[in-house]
Amino acid sequence: MYKIFETVDDVSRYTAQRLLDKILAKPAAVLGLATGGTMEPVYAQLVQMLQQQPTDLSRLTTFNLDEYIGLTESHVQSYRYYMDEHLFDKLNLPRERVHLPDGMAEDIDGACLAYSAAIQAAGGLDLQLLGIGSNGHIGFNEPYTRFSSRTHVIALSEQTRRDNGRFFSDQDEVPIHALTLGIQDILEAKEIMLVATGPNKAEVMAELHHSGVDEALPASALKQHDNVTIVLDREAAALLPSAEWRAVQTVQLLAG
Ligand code: GLP
């Protein structure tokens, strides 16, 4: 199901509200969280909403999708740093309830196995938030990752390293490897929200729309899931077939 909004602000408010609704409906929810530029305004909205509506977060559990290998927690481009900065520190979430793959683990394979197992032990993901890479990656699952994958090490594609280079002072600083939740782990979430904004995502969203289920396009795995919402702004939706644009009217009516 598509939800197409006029602006990034509308997208972020809608997405944050869905996260808040999940927490209100299930205070012990297990949330799958994502990083990236797309999520920054989403988390800003969520923090603001939670300030206006104080909510008990003490039973909430979170698992992040991915982490670079070789960046310490204090590195400003590590996803741990990102999450602390944009969400965890602002909400005072208990550290023991928030989880990220450990990109500094000595036993990386053991850490991968333990991460997927920890999600299952927590009862599985109630809601998985996803962004999308310009090559269709979800988490850091690059094209041709097996759809049956669990948490694993991935060699980042040149395209992904280039895209993410904008956050680093030097392109050469972008790590070559990362840890990511596998596609099977993602598909086991009860509910999934994929969020994409801006003109740079228009092509991949059109590709995803027209694609069959194909390991060449990791996000197409979501077509096998029966509870996915794709949340887009007008720019990211620009190349979708016109039929999908009827949704814009509906959403604007709902918002207005
Ligand atoms: C990054 C992250 C993904 C994220 C995607 C989009 O590489 N590993 O989890 O969804 O790319 O990022 P952005 O929102 O910055 O476009």
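A polar contact is a pair of N or O atoms within 3.5 Å; within protein, one atom must be able to donate a hydrogen and the other to accept it, and residues adjacent in sequence count only if both atoms are side-chain atoms. This is a predicted model, in which local features need pLDDT of at least 70 and side-chain atom pairs count only at pLDDT 80 or more, while totals for chains, interfaces and linings use all residues. Residues are numbered from 1 along each chain as its sequence is written, and side-chain values use heavy atoms, with hydrogens and water left out.

The ligand is surrounded by 15 residues, where a residue counts as near if one of its heavy atoms lies within 4 Å. The closest are Gly37, Thr38, Asp66, Arg166 and Lys201. A polar side-chain atom of Arg166 lies 2.8 Å from an oxygen atom of the ligand. For Lys201, a polar side-chain atom is 2.6 Å from a ligand oxygen atom. Asp66 places a polar side-chain atom 2.8 Å from a nitrogen atom of the ligand.

Lys201 sits in the loop between β9 (192-196) and α7 (202-210); helices (H or I, at least four residues) and strands (E, at least two) are DSSP runs, numbered from the N terminus. Not counting residues up to four places away in sequence, Lys201 touches Thr38, Ile132, Ala196 and Ala236, with contact meaning heavy atoms within 4.5 Å.

The structure also holds seven aromatic pairs. Rings of Phe, Tyr and Trp (its six-membered ring) pair if their centres lie within 6.5 Å; planes under 30 degrees apart count as stacked, over 60 as edge-to-face and the rest as tilted. The rings of Tyr68 and Phe168 have centres 5.7 Å apart and planes at 80°, so this pair is edge-to-face. Because Tyr68 lies in strand β4 (residues 66-68) and Phe168 in the loop between α5 (158-164) and β8 (177-180), the pair ties together parts 100 residues apart in sequence. Tyr68 is buried at 2% relative accessible area, and Phe168 is buried at 7%.

Tyr79 and Phe140 have ring centres 5.9 Å apart and planes at 15°, so they are stacked. Tyr79 is in helix α3 (residues 79-91) and Phe140 in the loop between β6 (127-130) and β7 (152-155), 61 residues apart. Both Tyr79 and Phe140 are buried. Tyr68, Tyr79, Phe140 and Phe168 form one aromatic cluster.

Conventions. Buried < 20%, exposed > 50% of the residue type's maximum accessible area, 1.4 Å probe, protein only.
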